[in-house]
Amino acid sequence: MRREYVRTLFLILCKAVHDLYPEGSIKIMFPVSNGYYCELQIGEVLSPEIVADIRHRMRDIIKKDIPIIAHKKPKEEVLKVFEGDESKIRLMESLDTKTLRYCSLDDYNDTFYNYMLPSTGGAKLFGLELYYNGMLLRVPDSNDPKKLGKYIRQDKMFDVFMSNHRWQDRMGISNVGTLNKAIEAGYSSQLITVFEAMQEKNLSRIADDITSRPDVRVILIAGPSSSGKTTTCKRLSVQMVVNGVYPQQISMDDYYVDRELSPRDENGEYDFESIHALNLDLFNEHVNALINGEEVELPRYNFKTGKSEKSGKTMKLEKDEMLLIEGIHALNPELTANIPQRQIYRLYASALTTITLDDHNYIPTTDNRLLRRMVRDYKYRGTSAEATLERWSSVRRGEDKWIFPYQENADAVFNTALLFELAVLKPQAEPLLAAVHKGSPMYDEAKRLRSFLRHIVPMSEEQVPPTSLLREFLGGSSFEY
């Protein structure tokens with residue numbers, strides 16, 4: 001229901017802009033600050049007064065409770081309806097179908113590729129305010145739909161999203177329609193080469209930033225599920241060696257407390273995702289000893305017995321070495337409360353999808369990660385798409401609690417998403433999604449993902465290099481996991 005609500009708000013916003021600025025345009029770009037960043041092109045500088053006018057018009061549209069009418073017509077007719085809207089035309093032209101769907105709100109037509117509310121009156125709660133050079137459309141809180149999501153500044157996330165959008169615009173591939181055209185024209189190899197190189201260059205810059213800080217001895221890396229943290233660690237390690245620094249890695253998993261000492265969740269079950277499931281005192285003691293040049297014996301956690309044991313393995317950091325630690329709590333200040341902060345560099349890694357379907361349909365970063373996880377789980381663990389989908393909501397709850405609140409603590413944000421990756425994941429994911437049967441509780445979600453993927457022209461994985469971060473999920477990586 002939340003997705004339908006948000007899509008309906010997108011439609012109402014686009015309708016309001018159309019009514020007030022018939023020659024203008026709006027682009028819904030990406031999620032940030034518990035809302036969605038939108039850019040407006042109306043021939044004048046955006047001001048609080050303009051945003052207030054649009055907000056007032058949205059409220060008027062909602063008050064009138066206008067029906068949202070769905071249409072399904074021959075492709076040629078729909079192309080004429082949207083003549084002049086380049087982002088939609090390119091996407092529609094690339095679809096191998098005889099009919100297309102769109103919706104109308106009074107005299108305004110648009111496309112939103114899934115279910116919506118039946119009328120505008122159901123989307124009463126929203127916010128709209130000036131945000132950087134655009135607007136932030138605020139939506140109800142995912143946990144409490146009776147109030148708006150808490151407003152938080154996410155300057156670092158915003159900068160990463162915007163820099164990727166600017167770069168994509170320069171490359172001429174800002175939406176799926178233009179990506180499809182490039183693939184169909186035979187530019188797959190060039191796309192892979194260029195975007196892999198861009199990602200490597202960003203990692204190189206991060207390595208340079210780390211080594212430019214003489215006090216740093218510890219690199220902490222965090223990110224949500226299927227963000228590619230493991231490959232990020234390995235590729236960053238290579239860049240650090242190029243800079244004359246040799247990372248040494250320790251596992252946070254070995255710092256679990258004995259199982260009977262673990263905290264419990266609201267259902268009375270052991271909460272192994274909690275930061276308090278870790279022996280924070282021992283972790284801080286060992287990290288401080290290592291950065292001071294002392295030797296420590298690392299612990300080993302026995303997952304069968306649920307006990308922390310001595311490993312017999314010792315570690316000592318030399319002057320040209322750094323600690324590299326990956327984990328969900330790496331950006332949480334509580335993890336390193338007793339370690340000098342000047343000696344820590346924090347990196348947040350996530351698949352921040354910046355390509356859009358068209359100007360009014362962004363691609364959720366969570367869908368990108370979910371497809372990665374689905375392909376990986378099947379290849380490496382024999383897990384069905386249905387099982388992955390069933391666990392996803394639990395995974396997301398853990399991320400909301402332990403990862404996302406701390407992402408702005410990072411010294412740098414590394415975008416692990418590759419512009420072409422959905423085209424490569426499509427041939428892998430579609431058969432897995434098709435195997436989810438109609439009687440399954442996960443069928444609607446599988447159908448939604450299949451419907452989304454049908455808009456993307458597939459690419460073969462053969463040209464994806466073995467060093468690619470995407471190989472963590474596809475297999476065939478030159479790194480050992």
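How many salt bridges does a search of the whole structure find?

Modeller: The search finds 28 salt bridges (a Lys or Arg side-chain nitrogen within 4 Å of an Asp or Glu carboxyl oxygen). This is a predicted model, where local features need pLDDT of at least 70, side-chain atom pairs 80 or more, and totals for chains, interfaces and linings use all residues. Numbering starts from 1 along each chain, and side-chain values use heavy atoms, without hydrogens or water.

Take Lys-88 and Asp-358. Their side chains meet at 3.2 Å, N to O. Lys-88 sits in helix α4 and Asp-358 in strand β14, residues 356–358, so this pair ties together parts 270 residues apart in sequence (DSSP runs: helices H or I, at least four residues; strands E, at least two; numbered from the N terminus). Both Asp-358 and Lys-88 are buried (under 20% relative accessible area; exposed is over 50%, partly exposed in between; 1.4 Å probe, protein chains only).

Next, helix α10, residues 365–381. Here Arg-373 and Asp-377 are four residues apart, which is about one helical turn. Their closest N and O atoms are 3.5 Å apart in a salt bridge. Arg-373 is buried, at 8% relative accessible area. Asp-377 is buried too, at 3%.

Helix α11, residues 385–402, holds Arg-396 and Glu-399, three residues apart, about one turn. They form a salt bridge, with closest N and O atoms 3.5 Å apart. Arg-396 is partly exposed, at 25%. Glu-399 is buried, at 2%.

Finally, a network. Salt bridges link Lys-15, Asp-19, Arg-57, Asp-60, Lys-64 and Asp-107.
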